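Dear colleague,

Please find below the structure that I am handing over to you.

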Amino acid sequence: MIAVVGSLNLDLVTSVPHHPVPGETVLGGDIAQHPGGKGANQAVAAARLGGHAAFVGRVGDDDAADVMLGAARDQGVDTTHIRRTPGAPTGRALIAVNPSGENSIIVSPGANALLSAADCSEAAGLLREARVTVLQQEVPDEANHEAARLSGGLVLHNPAPAAAGSQLPPRVDLLVPNRTELATLTGTSVPETLDEVTAAARKLMGPGGAGGGAGAVVVTLGGDGVLLLEGARTAALHIPAFPVHPVDTTAAGDSFCGALAVALAEGHPLEHAARWASAAAAVSTTRAGAQPSLAHRDEVEALLSR
Ligand code: ADP
């Protein structure tokens with residue numbers, strides 16, 4: 001089983017002719033509503049690939065809460081440990097997309113900001129049993145720390161969104177940053193070449209490492225694929241991206257993390273799991289949107305056998 005501790009946001013998406021500057025009002029298109037939030041996306045990614053995903057999180061007591069709970073359940077995510085929070089709004093993301101497809105996003109965390117260490121303690125049974133516990137950074141650090149402490153399996157931490165000063169959990173078996181998040185964690189400029197990525201990722205490993213001593217680091221590199229560093233390995237392993245025709249890379253990272261958790265929970269070694277997750281993420285880039293774009297298992301197998 002996979003435990004995902006994290007955020008649920010209702011995404012409100014509109015098109016704009018251009019992004020407004022301070023003080024400016026622009027007219028947008030009709031608003032579309034989609035279930036989102038990094039935690040929810042990763043749990044749905046895992047469930048859609050056949051993983052048994054259970055969620056620990058908070059929604060408010062509004063209509064958006066029903067939308068988020070319904071969407072997670074429809075996708076086969078176990079919602080037993082998602083708490084409704086009286087008086088709080090459900091998290092929302094306000095997303096404006098300009099004609100070149102660039103987003104500007106405001107996240108209003110709402111109930112996500114109230115996820116506590118106590119909430120994770122209440123889910124202790126689930127966290128102890130889980131083969132993989134998946135964490136991100138859209139909920140308070142204290143919740144992540146407690147979840148990592150209670151986890152009986154592997155702790156996979158996706159340090160997203162990048163937040164300088166955010167405290168990584170005390171125990172991380174597998175850290176999965178993208179290039180920007182890697183730069184934030186190491187306090188360096190964004191690494192470009194594979195050598196620069198490797199050098200930065202190494203700083204996060206082992207006792208005393210900036211990543212809390214991560215056992216392994218998997219850096220996602222968008223269209224450049226994945227770079228893998230395992231504790232025992234001396235050399236980094238680069239897995240090139242699968243050749244697809246991407247139309248929208250929204251949630252590629254979430255797709256990758258959910259799929260990685262599924263493969264690891266099934267007992268596959270990290271290298272195999274990273275390749276499999278890279279295929280799942282590649283599939284997700286060929287469709288628009290976040291959750292609607294997430295891959296099904298047969299699509300991943302088909303891409304791998306091509
Ligand atoms: P994030 O969304 O967190 O920034 P990335 O952009 O690094 O994450 O994407 C995550 C993974 O998705 C990549 O490591 C890769 O496996 C896959 N991916 C992303 N963009 C592409 C692409 N253009 N072609 C193929 N695979 C891609």
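Two remarks on the source come first. Residues are numbered from 1 along each chain as its sequence is written. This is a predicted model, in which local features need pLDDT of at least 70 and side-chain atom pairs count only at pLDDT 80 or more, while totals for chains, interfaces and linings use all residues.

**The whole protein**

The protein has 10 helices and 13 strands; helices (H or I, at least four residues) and strands (E, at least two) are DSSP runs, numbered from the N terminus. Its radius of gyration is 18 Å, close to the 19 Å that the globule rule gives for 306 residues, so the protein is as compact as a globular protein of that length. That radius is taken over C-alpha atoms, and the globule rule is 2.2 Å times the number of residues to the power 0.38. Along the principal axes, the C-alpha atoms fill a box of roughly 55 × 45 × 40 Å.

Buried residues account for 48% of the 306 residues. A residue is buried if 20 or more other C-beta atoms lie within 10 Å of its own, exposed if 12 or fewer, and partly exposed in between, with C-beta atoms placed from the backbone. Of the contacts between residues at least 6 apart in sequence, 64% join residues at least 24 apart; two residues are in contact if their C-beta atoms, placed from the backbone, lie within 7 Å.

Two strands pair if DSSP finds at least two bridges between them. Within this sheet, β11 (residues 216-220) and β12 (residues 226-230) run antiparallel and are joined by 5 bridges. V219 has L227 in β12 as its bridge partner.

Strand β2 (residues 9-15) runs parallel to β6, with 7 bridges between them, whereas β6 (residues 91-97) and β7 run antiparallel and share 6 bridges. A93 of β6 is the bridge partner of D11, and A93 is also paired with V107 in β7. The hairpin of β6 and β7 has 5 residues between the strands, and G101 takes a positive phi near 85° there. Of the 6 residues of β7 (residues 103-108), the number buried is 0, so this strand lies largely in the open.

**Helices against strands**

In helix α5 (residues 141-150), the buried residues are A143, N144, E146, A147, A148 and L150. They pack against β1 (2-5), β4, α3 (117-122), α4 (124-129), β8 (132-135) and β9 (154-157).

The ligand is surrounded by 20 residues, of which T220, G222, G223, G253 and A281 are the closest. A residue is near a molecule or strand if its C-beta atom, placed from the backbone, lies within 6 Å of it. Helices α8 (252-265) and α9 each supply at least two residues of this shell.

W276 is located in helix α9 (residues 270-284). With 24 C-beta neighbours inside 10 Å, W276 counts as buried. Not counting residues up to four places away in sequence, W276 touches A259, A263 and V300. The C-alpha atoms of W276 and F256 are 8.7 Å apart, although 20 residues separate them along the chain.

**Two backbone details**

A cis peptide bond, with omega of about -5°, joins A160 and P161. P161 is found in the loop between β9 and β10 (174-175). A251 is not a glycine, yet it has a positive phi of about 70°. A251 lies in the loop between β13 and α8 and is buried, with 26 other C-beta atoms within 10 Å.

With kind regards
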